[in-house]
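Reader: I would like to go through this structure with you. Could we begin with the terms and then turn to particular places?
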Amino acid sequence: MNTVVENHFIDAASNRHLDWLESEAIHIMREVAAECTNPALLFSGGKDSVVLLRIAEKAFRPGKFPFPLVHVDTGHNFPEVITFRDKRVAELGERLIVGSVEDSINRGTVRLRNPKTDSRNAAQAVTLLETIAEHQFDACIGGARRDEEKARAKERIFSFRDEFGQWNPKAQRPELWDLYNTRVHPGENIRVFPISNWTELDVWQYIAREKLELPPIYFAHEREVIPRNGLLVPVTELTPPRAGETVEKQIVRFRTVGDISCTCPVSSDAATVEAIIEETAVTQITERGATRMDDQTSESSMEKRKKEGYF
């Protein structure tokens, strides 16, 4: 399937709204480049990081990006997404640094009961902090949005992490009149979220307007799934059916593309960006609420992981 989107009509008000969001994101990214000594941009191959790459192009082209691209690879990513990641990086001609959870396991800094099958999602925090320390990054730019989840709604755009990589939601720096405090001591760093104020619908409308290419699993396709706890768990070696469960073939798509062990598709026949925009405009379930098994453990699970260094 061709994953390059077609033209989509966006009314004048929506276009002005996207212009404002884009302008703010460009300003934030240029602020990072101007104020931070050694920043990096996280790029997973997912839709939000694809938007960030377009923002970076508009902020810095025709020159090279003033930072490398970084991906924390769990080793349990969807292969379509990794293939797309490498293709996009090659097209841009930028440098990609890959932090590997598998390497952290081999070093003994990540310990799992069963390294081959256990979820590695939470373990990304350790590998991210190790990657930050190894390359001495003082700022990491990411695609998190406030509408995704309650803990992410608490984040500032420039979100401070202490020397242990920890986040304290009760000790946030003020951000008045688009003035950002980028001061850090050695060992500390800042997570920066240029698209904090975007919604999932904004992201898809921007993808349509900019004609951005995406991994094919974002679009409707047939896949074997297991209905479990209100979610559709994809059938893979990492997520096999349990005793008594029924495997079904359904037409689905992914709203987010995280670790295979905890990321679920949703039932959908939306095979184009236009159809996804229409579907997103009326959905009442948050992106992560509809797709992430790890966020169902408790309402505070994401906040706990973020405090420990998760992005």
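Author: A polar contact is a pair of N or O atoms within 3.5 Å; within protein, one must be able to donate a hydrogen and the other to accept it, and residues adjacent in sequence count only if both atoms are side-chain atoms. This is a predicted model, in which local features need pLDDT of at least 70, side-chain atom pairs count only at pLDDT 80 or more, and totals for chains, interfaces and linings use all residues. Residues are numbered from 1 along each chain as its sequence is written, and side-chain values use heavy atoms, with hydrogens and water left out.

Reader: Which backbone oxygen does the side chain of His221 reach?
Author: That of Phe219, at 2.8 Å. His221 lies in strand 7 (residues 221-228); strands (E, at least two residues) and helices (H or I, at least four) are DSSP runs, numbered from the N terminus.

Reader: And what does His221 touch, not counting residues up to four places away in sequence?
Author: His221 touches Gln250, Ile251, Val252, Arg253 and Phe254, where contact means heavy atoms within 4.5 Å.

Reader: Moving on, which residues of helix 5 are buried?
Author: In helix 5, they are Gln124, Ala125, Thr127, Leu128, Glu130, Thr131 and Ile132. Buried means under 20% relative accessible area (1.4 Å probe, protein chains only).

Reader: What covers those buried residues of helix 5?
Author: The cover includes strand 1 (39-42), strand 2 (69-73), strand 3 (96-100), helix 4 (101-107), strand 4 (139-141) and strand 6 (189-192).

Reader: What follows helix 5?
Author: Gln136 does, and its phi is positive, near 55°.

Note on methods
Buried < 20%, exposed > 50% of the residue type's maximum accessible area, 1.4 Å probe, protein only.
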